[in-house]
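User: Could you walk me through how to read the features of a protein model? I would like the general idea each time, then the case at hand.

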Amino acid sequence: MNRFTRDQIAARVAQDIHEGAYVNLGIGLPTKVANYLPADREVFLHSENGLLGMGPAPGPGEEDDDLINAGKQPVTLLTGGAYFHHGDSFAMMRGGHLDVCVLGAFQVSEKGDLANWHTGAPDAIPAVGGAMDLAIGAKQVFVMMDHQTKQGESKIVRECTYPLTGVACVNRIYTDLAVLDVTPNGLVVREMAPGLSFEALQAATSAPLLAPESKG
């Protein structure tokens, strides 16, 4: 089965971030999006540890140990970027000042419920961070994730079985198999990996899918 690479997923998300947007990129895979934002598009990247105006990842040997994102990865700061208090950063997140946040996930339901902080397993380490604040505070929530677990189970489900991060908060899902819109009618397939049929995508997905022409 053909699949999008992680870099292709990140580049696809970057296409959907509009000019002038204030954007938070979550820990892990979402941080790759910064490397694919068009150079001619002004986007303000936010990190919950108190940064606004982050640029792409630094080149080898150009890292600054004092300049990191929330995932403790080295970042760059563009001209005009700012540092501020952690409390002010969360006020920005909770106050509806972010246009887009991009998060990873363990599960997303057909209604856009998000589970990304804990699997419920006894030996799992909960790691909510700022995800709950972002999920309810951002104007749009994009999720980037593998379509299935390593065991082949769908991560897009009818109902989440893991503890929820947010209810009906996800707008769009980007996976290694497809791009899906969360709509009042259900999950609408926006794009699919090359050579992948709708039937094969549905077979890999627990929740029912709607073809693009089904979008209202």
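Predicted model: local features only at pLDDT ≥ 70, side-chain atom pairs only at ≥ 80, totals over all residues.

User: Let's start with strands. Which way do β1 and β2 run?

Analyst: Helices (H or I, at least four residues) and strands (E, at least two) are DSSP runs, numbered from the N terminus, and two strands pair if DSSP finds at least two bridges between them. Here β1 and β2 run parallel, joined by three bridges; V23 has L45 in β2 as its bridge partner. β1 also pairs with β5 in the parallel sense, over three bridges, and there N24 stands opposite C101.

User: How many residues does the largest nonpolar core have?

Analyst: A nonpolar core is a set of buried Ala, Val, Leu, Ile, Met, Phe, Trp, Tyr and Cys residues joined through side-chain atoms within 4.5 Å. Buried means under 20% relative accessible area, exposed over 50%, and partly exposed in between (1.4 Å probe, protein chains only). In this model the largest such core has 57 residues, and those with the most contacts inside it are V33, L114, M144, V170 and I173. Taking contact as heavy atoms within 4.5 Å, and not counting residues up to four places away in sequence, I173 touches several residues, including V108, M145, I156 and L187.

User: Is S109 buried or exposed?

Analyst: S109 is buried, at a relative accessible area of 0%. The residue sits in strand β6 (residues 107-109). Leaving aside neighbours within four places in sequence, its contacts are V157, R158, E159, C160 and L187.

User: How many aromatic pairs are there?

Analyst: Rings of Phe, Tyr and Trp (its six-membered ring) pair if their centres lie within 6.5 Å; planes under 30 degrees apart count as stacked, over 60 as edge-to-face and the rest as tilted. That rule gives three aromatic pairs. One of them is Y22 with F44, stacked at 4.7 Å centre to centre with 15° between the planes. Because Y22 lies in strand β1 and F44 in strand β2, this pair ties together parts that are 22 residues apart in sequence. Y22 is partly exposed at 28%, and F44 is partly exposed at 24%. Another pair is F106 with Y162: their ring centres are 6.1 Å apart and their planes at 90°, so the pair is edge-to-face.

User: And which residue does D133 meet in a salt bridge?

Analyst: Side chains of opposite charge can pair when their charged atoms come close. The rule for a salt bridge is a side-chain nitrogen of Lys or Arg within 4 Å of a carboxyl oxygen of Asp or Glu, and the structure holds twelve. D133 meets R94 at 2.5 Å, N to O. D133 lies in helix α3 and R94 in helix α2, so the pair ties together parts 39 residues apart in sequence. D133 counts as buried at 13% relative accessibility, whereas R94 counts as exposed at 55%.

User: Where does K139 lie?

Analyst: K139 forms a salt bridge with D99, the closest N and O atoms being 3.5 Å apart. K139 lies in the loop between α3 and β8, and D99 in the loop between α2 and β5, so this pair ties together parts 40 residues apart in sequence. K139 is exposed at 55%, while D99 counts as buried at 14%.

Key: Residues numbered from 1 in each chain as written. Heavy atoms only, no water.
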